[in-house]
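Have the structure open while you read.

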Amino acid sequence: MELLRSNLSRVRIPEPTTRIYKHECCISYDTPKSEGGLFVDMNNFLAFGRDYVGWNYEKTGNPVYLHIKQTKKTDAEDRPFKKPTLLAIGLDGGFDNNEPQYEEVYQIVILPDNVTLPFPSVELPEKVRLAVDAISLAEGAERKEQLASWTADKKLVSKYATDLQQLDSGVAVPPVGWKCVKCDKTDNLWLNLTDGTILCGRKNWDGTGGNDHAVNHYRETGYPLAVKLGTVTADLEGADVFSYPEDESVIDPLLAQHLAHFGIDFSSLQKTEMTTAERELDQNINYDWNRIQETGEDVEPLFGPGYTGLVNLGNSCYLAATMQVMFSTRSFCSRYYSDQPLKAAFSTAPADPTVDLNMQLTKLAHGLLSGKYSVPVLEKDNTVNAAISQKQEGIRPRMFKSVIAASHPEFSTMRQQDALEFFLHFIDQVERINSGTPNFDPSRSFKFGIEERLQCSSGKVSYNRRNDYILSLNIPLEKAVNKKELAEFQKLKAERAAGGKELSADEIVRPRVSLKDCLDCFSAPEEVHDFYSTALKDRTTAIKTAGLTSFPDYLVLHMRKFVLEEGWVPKKLDVYIDVPETIDISSMRNNGIQPGEELLPDSAAGDGEQSIKILADEDIVAQLVSMGFNLLHCQKAAINTSNSGVEASMDWLLNHMSDPDIDAPISENVQNPDIDQSEVDTLVSFGFEEKLARRALKASGGDVEKATEWIFRNPSASTASDMDVTTSSGAAVDPLIPDGGGRYRLLGFVSHIGTSTQCGHYVAHIQKDGRWVIFNDDKVGVSKNPPLDMGYLYLFERLES
């Protein structure tokens, strides 16, 4: 006890706002349930596993710890069922996932001699007792962040509900027998709460659903709120109310009053329709969903190093699938596992390692690759029976998700996200933290150069280069290899529709397009209309071709399955891609300006180009909108980065989301803002070239600070932005960008099922040890039938010659 008293100065009583970690070690995935329990530093309130608490003592000198050990209670057979009130798992009010109950035992531990004192004990100093009580009663920092994320996703009260105008049109809605007033649909019907019109809902990407009459009615009238008939019952909280101007499901606190206006007695109504969220889930329980997850297959579970699952934190499958693929590469395994011990990362981490991306990536790598957490779960008799134990504990990447999402408002929520957008954000963050040591940057192995060649009608050419991390491919449906089967399917579909029958899942035929045709489409000549030729000093039509100036160690292919139809309506292509396990893209290499080619002259001030309005590149805008960004914002991003590419446009979007004029209409001169020479001189004084400074200021609206950040976020801009060209000897290659042959093997892929990238589910398949393995959140097993034709992102590894 005297030893404890002599160290009281190193004990703090936490304030109500203090972040207390007590559920998970900050440098490993040990928890109070682990064999050694968890040690909470009673000075900085960070938690450490048994094997790591000594490292913290060496680093901080903090000797006093609260040891927390949880042991499983015997299950109660009559455990009551609680109806969830929150869309969450493992939180108060959320779904009961039937996890066992645990009891906690506390001890005070004093390092370095591991002196232990029991708690509770009246002999302990009051300061220690108060500190332990505060720690035990506090909500852990991990849980606080998780709860905040879920709470942020709750439906909000519509701003249109309180003052909603309802017309005295004499409409009386009957309790049954509803039908769309513009077609024969009798399901998926929405009642407009302003005029009482009953109309069908939106058409789904696969042709099912309604005929868009309800949303078109809003566009014609501006009447904002509608409720889905069939979801209205005595429990009005379950009714599905949609706000068209707010573009989301909302709460109408006056719904009873609004329904009564049309003579609806909700107390007697029964539920006959699914809500939007329920339908979204139901649409996923289909053939493709089962095929991607290999549902129904007798999947052999795998355990050990490299076979660790990632527990779903709530719509975090996009993160899990992406990170499993990333840590299947040699570059990330080396950087954060074999070449970086946990202790080395911790010793260089800041005082709070939970907010250090390098530390959390190292923690994640060791968690995934060590095999420590990939063991069969213990049965009730605390024995491991591998023959029947199909589950593993896996790891919960809460701290990693928190730190990687800190600079991105969407990834910090519990909403589903686009795996492509997350991959690009992740790569960007990794590149940032390794900027001081680029030779050790694992993101470099994904980087490659793209060169676009433009030839105008004068015969002269220009070359535009940029660097990228993904090769985004259009899917040419006109190249489908099963056109005959598709024609027969369309005929059968029409016959069934005429007879009022639906097709079974087994009868559906989808287009099949070869990956080679998608790659050829990327390189194929394309007409560029309204191209301003500095040789002709006028608009003309140019021919654009594209190729790669380098071949990366790892090539990520993005299949553009989400496209925009006329009117900017997003649609998912229901298509299969025939992907071979090896590809050769050697023919896609570009070598810069060729003998006999003449370059277009540089534009001169006042030559007429500046007076012609630059239009947003529709291809760039389409890709950004498919990721979930606002259409107007995407158009501004493309314009303000001079249509230089998706990556540059996304960077602009992320930097300008909070601009006060982001929602203002595009003005005529937003394309070519006047650049103050003093701002150019400021950037030049920082060491940047004048051309690069002008382009950065143009892309950043004349803001020096944002322009500086833009330059650092676009390291290729110094070459690509000014359309620099190479000499006739060939393309200049950045020495920091890897290059090699064009032969690749398929290493892994991420599949997605759902109506959009913001819903549904992601699963990863990876080639390991000569076999395909499925990573479905925390479920890891041998893949018998990997759905190679259903990938959204494909990862290829370059084959050495």
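Two residues are said to be in contact when they have heavy atoms within 4.5 Å. Bear in mind that this is a predicted model.

1. Start with Lys363, which sits in helix α12 (residues 357-369). Is Lys363 buried or exposed? Its relative accessibility is 1%, so Lys363 counts as buried, the cut-off being under 20%.

2. What does Lys363 touch, once neighbours within four places in sequence are set aside? Its contacts include Glu24, Cys25, Cys26, Ile27, Ser28 and Tyr29. Leu342 and Met399 are in contact with Lys363 too.

3. Next, have a look at the open sheet of five strands. Its order is β2-β1-β3-β4-β5, and the pairing is antiparallel. The edges are β2 (47-49) and β5 (115-119), each of which pairs on one side only. On average, neighbouring strands here are turned by 35° against each other, direction ignored.

4. Within that sheet, β1 (residues 38-41) and β3 (residues 64-72) are joined by four bridges in the antiparallel sense. If you want a spot to check by eye, Val40 stands opposite Leu66 in β3.

5. Helix α3 (residues 126-137) lies across β1, β3, β4 (102-110) and β5. Relative to β4, α3 runs at about 145°.

6. Last, helix α5 (residues 213-221). Its buried residues are His213, Ala214, Val215 and His217, and they pack against β6 (189-192) and β7 (198-200). After α5 comes Gly222, with a positive phi near 80°.

Terms used: Residues are numbered from 1 along each chain as its sequence is written. This is a predicted model: local features need pLDDT of at least 70, side-chain atom pairs count only at pLDDT 80 or more; totals for chains, interfaces and linings use all residues. Side-chain values use heavy atoms; hydrogens and water are left out. Helices (H or I, at least four residues) and strands (E, at least two) are DSSP runs, numbered from the N terminus. Buried means under 20% relative accessible area, exposed over 50%, partly exposed in between (1.4 Å probe, protein chains only). Two strands pair if DSSP finds at least two bridges between them. Axes are lines fitted to C-alpha atoms, for helices over the stretch in contact, and angles run from 0 to 180 degrees between N-to-C directions.
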